[in-house]
Amino acid sequence: MNKEIERKYAVKYIPEDFKIESVVYIKQAFIYRDKLTLIRVRDIKEKYPTNTQKYIYTVKAKGDIEYTNDYNVGKKYEIENDIQKEEFDKLIKKPISNIIEKTRITAPIENNLKVEIDIYYNYLKGLLTAEIEFQNEEQANNFQKPDWLGEELGYKKLSNRKLAEMTKDEWQKEVTKEFIENNNIIIKQLKENYNIWKLLNLKFI
């Protein structure tokens with residue numbers, strides 16, 4: 001069982017020294033939930049640097065994210081297993097909430113950490129977030145975000161579980177119009193300034 005400790009941020013802009021390490025497309029759905037357990041299935045297509053695909057069945061043993069007093073650091077316990085495409089196709093037909101689709105861009109940042117930028121689609125179009133995973137709570141609490149990352153979003157209102165249960169109007173009420181407008185500028189910048197998109201012909205961007 002893996003323990004994940006994460007912090008989630010808005011993105012103000014993409015820095016000049018931004019180096020893309022990997023690009024994956026993710027399609028996911030939650031298929032079961034009770035007070036102690038949350039189960040998710042994912043289709044993960046890596047587009048760069050390799051061209052691979054895998055299907056993941058994830059059990060979150062405590063069913064929800066634990067919060068610090070300021071709701072900034074998300075802690076969760078997960079068990080993950082690979083499954084076959086046929087099993088994924090069967091399970092995702094019976095989601096308990098909306099299906100989420102997004103592109104995840106991973107890039108290195110300081111102190112050997114990595115940032116994962118998620119660009120969402122469909123009813124979540126206009127949403128872009130950055131997530132950083134830490135080795136322990138001390139590292140997470142002492143983290144000084146780079147200037148290009150914006151406000152901390154926390155996990156109470158914009159976790160993937162919450163987003164999967166929202167409508168377009170509901171999630172947009174949780175953010176500002178300026179937040180969405182800036183996200184659209186960043187997405188356009190990524191498309192125009194990084195040849196990787198043309199190389200991969202990423203139709204989902």
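Reader: Leaving aside neighbours within four places in sequence, which residues is threonine 58 in contact with?
Author: Happy to start there. Contact means heavy atoms within 4.5 Å. By that rule, and beyond four places in sequence, threonine 58 touches Leu38, Ile39, Arg40, Glu78, Ile79 and Glu80.

Reader: Good to know; what should I keep in mind about the model itself?
Author: This is a predicted model, where local features need pLDDT of at least 70 and side-chain atom pairs count only at pLDDT 80 or more, while totals for chains, interfaces and linings use all residues. Residues are numbered from 1 along each chain as its sequence is written, and side-chain values use heavy atoms, with hydrogens and water left out.

Reader: Is threonine 58 buried or exposed?
Author: Buried means under 20% relative accessible area, exposed over 50%, and partly exposed in between (1.4 Å probe, protein chains only). Threonine 58 has a relative accessible area of 0%, so this residue is buried.

Reader: And where is valine 115?
Author: Strands (E, at least two residues) and helices (H or I, at least four) are DSSP runs, numbered from the N terminus. Valine 115 falls in the run of residues 114-120, which is strand S8.

Reader: How many residues does the largest nonpolar core have?
Author: A nonpolar core is a set of buried Ala, Val, Leu, Ile, Met, Phe, Trp, Tyr and Cys residues joined through side-chain atoms within 4.5 Å. Val115 and Trp148 are among those with the most contacts inside the largest one, which has 26 residues.

Reader: Which element gives the largest share of this core?
Author: Elements giving two or more residues include strand S1 (2-11), strand S7 (100-108) and helix H5 (177-193). The largest share, four residues, comes from S9.
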